[in-house]
Amino acid sequence: MTEPTKIDVKRRILESNELAAAKLRQGFSATGTLVVNLISSPGSGKTTLLESTIGRLSGLKVAVLEGDIATERDADRIRKLGVPARQILTGGSCHLDARQIQREIVEEGFANADILFIENVGNLICPTAYDLGEDFKIALLSVSEGDDKPFKYPGIFSKAAVTIITKIDLLDYVDFDLEAVEDQIRSLNQRSVILKTSARAGTHLDEWCAFLRSTLEKKRGGAGPLP
Ligand SMILES: Nc1nc2c(ncn2[C@@H]2O[C@H](COP(=O)(O)OP(=O)(O)OP(=O)(O)O)[C@@H](O)[C@H]2O)c(=O)[nH]1
Ligand SMILES: [Mg+2]
Ligand SMILES: [Zn+2]
């Protein structure tokens with residue numbers, strides 16, 4: 001028998017991930033849980049956005065899964081706000097996979113949350129390839145990262161149903177052509193919803209939370225593809 005090639009092994013890993021993700025999606029559909037998978041480079045503001053989102057989602061049961069290669073820091077930040085959060089430590093791997101999510105959602109409060117946020121490991125590349133059973137992926141791009149990023153990392157920006165341009169309070173201090181970035185995103189993904197936020201200044205957070213609430217309602221109403 002011939003040895004499996006690297007491509008065979010990668011394909012098998014992705015296929016087994018797809019199966020696990022499909023099971024997760026079924027479960028989340030039964031509980032009416034809206035699940036979003038947040039993907040960005042390290043430090044672009046995923047956890048900070050979640051921290052400022054939680055207080056604005058009163059009346060909803062929110063839970064958070066945090067992916068990192070090391071430390072409980074992000075989960076600790078969320079738990080301080082009184083929201084259930086679990087830290088998934090990948091032990092060096094640069095993305096989360098569906099089996100890791102399966103193991104965590106057996107905990108009380110996760111499988112039947114109204115909204116489950118999954119913060120992926122900080123990385124714009126391979127988290128894109130792993131379905132976690134989410135309703136959609138959200139790409140975050142902070143204005144300090146440079147305005148060439150959508151075209152340099154087209155995979156995530158073409159797959160993400162929503163792109164959030166973060167830290168817009170810093171626009172005056174960096175060279176970041178907002179319009180050029182929006183053009184790049186739209187040319188990769190015509191349907192992408194683009195939001196521009198500052199967690200620091202509170203800009204457009206109400207719009208973001210209204211979007212989450214209406215998307216949750218849409219999911220529960222069975223109204224076709226989200227968002
Ligand atoms: N000026 C400004 N700084 C922000 C904003 N959002 C986050 N930051 C800062 O950016 C840094 C990184 O934020 P995090 O939320 O930890 O980033 P992250 O994407 O969760 O990082 P990883 O989990 O390591 O991938 C922190 O120092 C935040 O205070 C914002 O809207 N404006
Ligand atoms: Mg974080
Ligand atoms: Zn990876």
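Trainee: Which helix gives the most to the shell around ligand 1?

Mentor: This is a predicted model, where local features need pLDDT of at least 70, side-chain atom pairs count only at pLDDT 80 or more, and totals for chains, interfaces and linings use all residues. Residues are numbered from 1 along each chain as its sequence is written, while chains are lettered from A and ligands numbered from 1 in written order. Helices (DSSP runs of H or I, at least four residues) and strands (runs of E, at least two) are numbered from the N terminus. The helix that gives the most to this shell spans residues 46-54 and supplies three residues, and is α2.

Trainee: Which residues come nearest to ligand 1?

Mentor: A residue is near the ligand if its C-beta atom, placed from the backbone, lies within 6 Å of it. There are 17 residues around ligand 1, and those that come nearest are Gly45, Thr47, Thr48, Gly122 and Arg200.

Trainee: Which residues of α2 are buried?

Mentor: Burial is a count of other C-beta atoms, placed from the backbone, within 10 Å of a residue's own: 20 or more is buried, 12 or fewer exposed, and in between partly exposed. Of the 227 residues of the protein, 40% count as buried. In α2 the buried ones are Lys46, Thr47, Leu49, Leu50, Thr53 and Ile54.

Trainee: Is histidine 95 buried, partly exposed or exposed?

Mentor: Histidine 95 lies in the loop between β3 (85-89) and α4 (98-104). Its C-alpha is 30 Å from that of glycine 222, which is 127 residues away in sequence. Because histidine 95 has 19 C-beta neighbours inside 10 Å, it counts as partly exposed.

Trainee: Which residues does histidine 95 touch?

Mentor: Two residues are in contact if their C-beta atoms lie within 7 Å. Leaving out residues up to four places away in sequence, histidine 95 touches Asn120, Val121, Asn123, Cys126, Pro127 and Tyr130.

Trainee: Is threonine 71 buried or exposed?

Mentor: Threonine 71 sits in the loop between β2 (62-68) and α3 (73-79). It has a positive phi of about 75° although it is not a glycine. Most residues other than glycine have a negative phi. Since threonine 71 has 11 other C-beta atoms within 10 Å, it is exposed.

Trainee: Is lysine 167 buried or exposed?

Mentor: Lysine 167 is not a glycine either, and its phi is positive, at about 60°. Its place is the loop between β6 (162-166) and α7 (178-188). With 27 C-beta neighbours inside 10 Å, lysine 167 counts as buried.

Trainee: Which residues does lysine 137 touch?

Mentor: Lysine 137 belongs to strand β5 (residues 136-142) and is buried, with 22 other C-beta atoms within 10 Å. Its C-alpha is separated by 9.5 Å from that of isoleucine 118, 19 residues apart along the chain. Not counting residues up to four places away in sequence, lysine 137 touches Asn37, Ile39, Lys159, Ala160 and Ala161.

Trainee: What share of the contacts with a separation of 6 or more joins residues 24 or more positions apart?

Mentor: Isoleucine 138 gives some examples of contacts: it touches Val36, Asn37, Leu38, Ile39, Ala160, Val162 and Ile164, with residues up to four places away in sequence not counted. For the protein, with its eight helices and seven strands, the share from residues 24 or more positions apart is 74%.
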